[in-house]
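Subject: Structure for you to look through

Hello,

I am passing on the structure that we talked about, and I would be glad if you kept it open while you read my notes. Please take your time with each part.

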Amino acid sequence: MTLLPNSSDADLRDSHGGPDAQGVPLHDFSTNSNACGPCPAILEAVRQADASRYPDPRYGGLRARLAEFHGVAAERIVFAASASELIFRLTAAAARRGAKSVCLPAHGYGDYARAAQAWGLQPAPPAEARLVWCCDPSSPLGQAQSGLTASIDALAADAVCVLDLAYEPLRLDGALGLGSAQRDRVWQLWTPNKALGLTGVRAAYAIAPVDAGDWVDTVDAMAPSWPVGTHGVALLDGWTSAATQQWLATSLVTLREWKARQIVLCEQEFGWRCLPGAANFFCARPPMDDIAGLCAGLRTQGIKLRDTTSFGLPGHVRLAALPPASGQALADALRRIGKAPTTIPE
């Protein structure tokens, strides 16, 4: 559990990976998008999408395909413009239905806390909170969430639990340790654009808990018309195909190799302490105090890392697994800005 951020921390909570005021980084370690992407078949489907027409406002065909893909009833599928949009909508729905308390991961995506703060929810332990946020693999650490099964089993009867599965398709080791009963108890939030290397296409969906029809009605009623546009529909539709899933499985093999090489580079050449994780990214602690200065200096060299202070993890950076050439570019940039150690600490 973590406390909600103060409003004075807005500049930290608004930080994000990817392009910024300086444009697109030459080597972007700051975003967790699949660096093997974009998935060619999905990219082509997005390009061929007919943007001259609205999609089906009820997304009937897409809803059926996603339900079949996950083996759930179609009425459990809820669409969203993005994960962030649904985070705010679910929080608003919980607050309108009487929730006063929230449980957040110790380190997690800032929008969980931002949405809770906007509705005045107060922090509470998992067994007492009426809105509980989980993420597995977590961000920024990329680790399995400690005590996830126990937290779900200990939920109050009227509590709402949302499990963010943004990085489940990019898990490089292990598996989600939940049985069907735990999965059916929580909202499962899916955002395939990261796994497909197309983060600019905003589209998401959730699988509602079993027998949560009244909640589904509330969350759907709070949605704008057509939350997912034509290009998002093309992405989500292609996500369910066997060819796309095979491409993803093949990309994970490459990402494992890139990540392993990158960790060796960070530890043996830079002297950074890398934290364990199961996803296509990891956190590292450089042997210096001025992490913001490090990131700013590297940004002038076309390199972007993610300062994890906004995740509640100061003193660390998060790095996505990129091709070896990007790792070498990082090493060269550290030397140019004088941040590469002359000797590696033992």
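A word on the source comes before the findings. This is a predicted model, in which local features need pLDDT of at least 70 and side-chain atom pairs count only at pLDDT 80 or more, while totals for chains, interfaces and linings use all residues. Residues are numbered from 1 along each chain as its sequence is written, and side-chain values use heavy atoms, with hydrogens and water left out.

Helices (H or I, at least four residues) and strands (E, at least two) are DSSP runs numbered from the N terminus, and two strands pair if DSSP finds at least two bridges between them. With that in mind, seven strands form an open sheet with mixed pairing, in the order β2-β8-β7-β6-β5-β3-β4. Its edge strands are β2 (77-80) and β4 (122-123), each of which pairs on one side only. Within this sheet, β7 (residues 187-190) and β8 (residues 204-207) run antiparallel and are joined by three bridges, and glutamine 188 stands opposite isoleucine 207 in β8.

An open sheet of four strands, with antiparallel pairing, has the order β9-β10-β13-β12. Here β9 (273-274) and β12 (306-307) stand at the edges with a single partner strand each, so one side of each is left without a neighbour in the sheet. Two bridges pair β12 with β13 in the antiparallel sense, and arginine 306 has arginine 318 in β13 as its bridge partner. Helix α10 (residues 242-270) packs on this sheet, touching β9, β10 (281-285) and β13, and its direction makes about 5 degrees with that of β10. Contact here means heavy atoms within 4.5 Å, and axes are lines fitted to C-alpha atoms (for helices, over the stretch in contact), with angles running from 0 to 180 degrees between N-to-C directions.

Turning to helix pairs, α2 (residues 40-48) and α9 (residues 230-239) pack at an angle of about 150 degrees, with their axes 8 Å apart. The contact is made by Ile42, Ala45 and Val46 of α2 together with His231, Ala234, Leu235, Gly238 and Trp239 of α9. The axes of α4 and α5 (residues 110-118) come within 9 Å and cross at roughly 35 degrees, where Ser84, Ile87, Phe88 and Thr91 in α4 meet residues of α5, among them Asp111 and Tyr112.

Where does the backbone hold a cis peptide bond? One runs from glycine 37 to proline 38, with omega near 5 degrees, and proline 38 is found in the loop between β1 and α2. A cis peptide bond also joins aspartate 136 and proline 137, with omega about -5 degrees.

Finally, about 740 Å³ of space lies in the largest pocket. A pocket is, on a 1 Å grid over the protein atoms alone, an open set of points where a 1.4 Å probe fits, with protein on both sides within 12 Å along at least five of seven lines, and lining residues have an atom within 4 Å of a point. Grid points are joined across faces, edges and corners, and the volume is the space filled by probe spheres set on the points. The lining has 42 residues, of which His16, Thr31, Asn32, Ser33 and Thr199 lie nearest the centre of the pocket.

Best wishes
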